[in-house]
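Open the model in your viewer and keep the selection tool at hand. The tour goes stop by stop.

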Amino acid sequence: MKGKRMTVLRLILFVVLASVPLWVMTECLNARYDGYFWLNAPAGVLTLTGLVGMFFPTFAALLTRLLTREGFGNTFVSFRLKGKIRYYLAAVLMPVAEAVLGALLMIFVYLKGYSFETLFADTKWNVILPMLLIGVASNIYLFIHAFGEEFGWRGYMMPKLAELMPMPAAILVGGIIWGLWHAPLTIAGHNFGIDYPGYPWKGILCMCLCCVLMNAFLTFLTVRTGSVFPAAVCHSVQNGLGAQALLSLCICEEAALKAEQATTGKLPWILCAASAITVGMFLLSHRVSHCHIFGNHLSGDTGQEV
């Protein structure tokens, strides 16, 4: 009981240390840039803000370990490729599949009046495909910013939650915490803007849903490899490759403009559906193949072959 009480205290301290600096930074920037800094600040400020903000979970995990004298065991910072390559491949391919599926769903919902020939009449695949490959490769290479979040969320928060509850519940609770952590950014216009019905509460709800879905997959990668690096790669690729951008790159300008207008002022429920389908199919296929996705707890020996 004493051990679980300490786990709860460490978890609360970690969440507070990860969240308060983000709220303070966001409020300061909102005051400087007319209330919604994500919509009004220069690109350089947004880039720097994103980089700093994504490392708050790492700083929180390190401070929590120091303040509670926990030590630095089981940080899930290891790099073992033997027997794990398929998980690293999945880390890259899953967000790509999610973006492709999201783009196809947007075509089906918003662009039903266009024929295939019309949609892709001006598409130069010999230019687009190398651009996509370079984009994915650059996000793999520049995964360090996503590591800032993954070291905290998957490397520290999820093991603590797994000590307190079954893994499915831990994934749900962890995803909600992760989604709520984004709330100050969502209020500032990040991801969804501010011109949608139910702002900002529906945006926060949508972010929580997306984070629960991604938490399932990123935790899976962390458990199966014993490392947060695949999760960081996946997180980075997903941040850099969106369905809307992919669609705009591949279809004719008129159709791309129509799709953009159709989604303006609306929450991306279609993209949430794409994420749910992609993550669900992957985890379901793995469950059918191996009978069990997650262990009961995240421990130091989670890199076992399955």
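What follows is a walk from the whole chain to single side chains.

**Whole chain**

Bear in mind that this is a predicted model. Color by secondary structure to begin. The protein chain has 15 helices and zero strands. Switch to a surface next. Of the 306 residues in the protein chain, 48% are buried.

**Stop 1: F14 and Y156**

Show the aromatic rings. There are 15 aromatic pairs in the count. Select F14 and Y156: their ring centres are 5.4 Å apart and their planes meet at 50°, so this pair is tilted.

**Stop 2: Y36 and Y199**

Move on to Y36 and Y199. This aromatic pair is edge-to-face, with 6.3 Å from centre to centre and 65° between the planes. Y36 sits in the loop between helix 1 and helix 2 (37-40), while Y199 sits in the loop between helix 10 and helix 11 (201-225), so the pair links parts 163 residues apart in sequence. Y36 is partly exposed, with a relative accessible area of 29%. Y199 is also partly exposed, at 24%.

**Stop 3: a ring cluster**

Which residues do ring pairs link into a cluster? Select F79, Y88, F143, F147, F151 and F229 together to see it.

**Stop 4: charges over rings**

The charged end of K160 sits over the ring of Y156, 4.2 Å from the ring centre. Then select R154 and W178. R154 lies over the face of W178, at 4.1 Å from the ring centre.

**Stop 5: H182**

A polar atom of the H182 side chain lies 2.8 Å from the backbone oxygen of W178. H182 occupies the loop between helix 9 (167-181) and helix 10 (183-187). H182 counts as buried, because its relative accessibility is 8% and the cut-off is under 20%. What does H182 touch, leaving aside neighbours within four places in sequence? Its contacts are E149, M207 and C211.

**Stop 6: the cysteines**

A disulfide needs the sulfur atoms within 2.5 Å. The structure holds zero disulfides. C208 is buried, with a relative accessible area of 9%. Select C252 too: C252 is buried, at 8%.

**Stop 7: H145**

Finish at H145, in helix 8 (residues 144-164). Its relative accessibility is 19%, so H145 counts as buried, given a cut-off of under 20%. Show the surrounding side chains. Setting aside neighbours within four places in sequence, H145 is in contact with L51, M54, F55 and S236.

How values were computed:
Residues numbered from 1 in each chain as written. Predicted model: local features only at pLDDT ≥ 70, side-chain atom pairs only at ≥ 80, totals over all residues. Heavy atoms only, no water. Helix = DSSP H or I, 4+ residues; strand = E, 2+ residues; numbered from the N terminus. Buried < 20%, exposed > 50% of the residue type's maximum accessible area, 1.4 Å probe, protein only. Contact = heavy atoms within 4.5 Å. Polar contact = N/O pair within 3.5 Å; in protein donor to acceptor, adjacent residues only side chain to side chain. Phe/Tyr/Trp six-rings, centres within 6.5 Å; stacked < 30°, edge-to-face > 60°. Lys NZ or Arg CZ within 6 Å of the ring centre and 35° of its normal.
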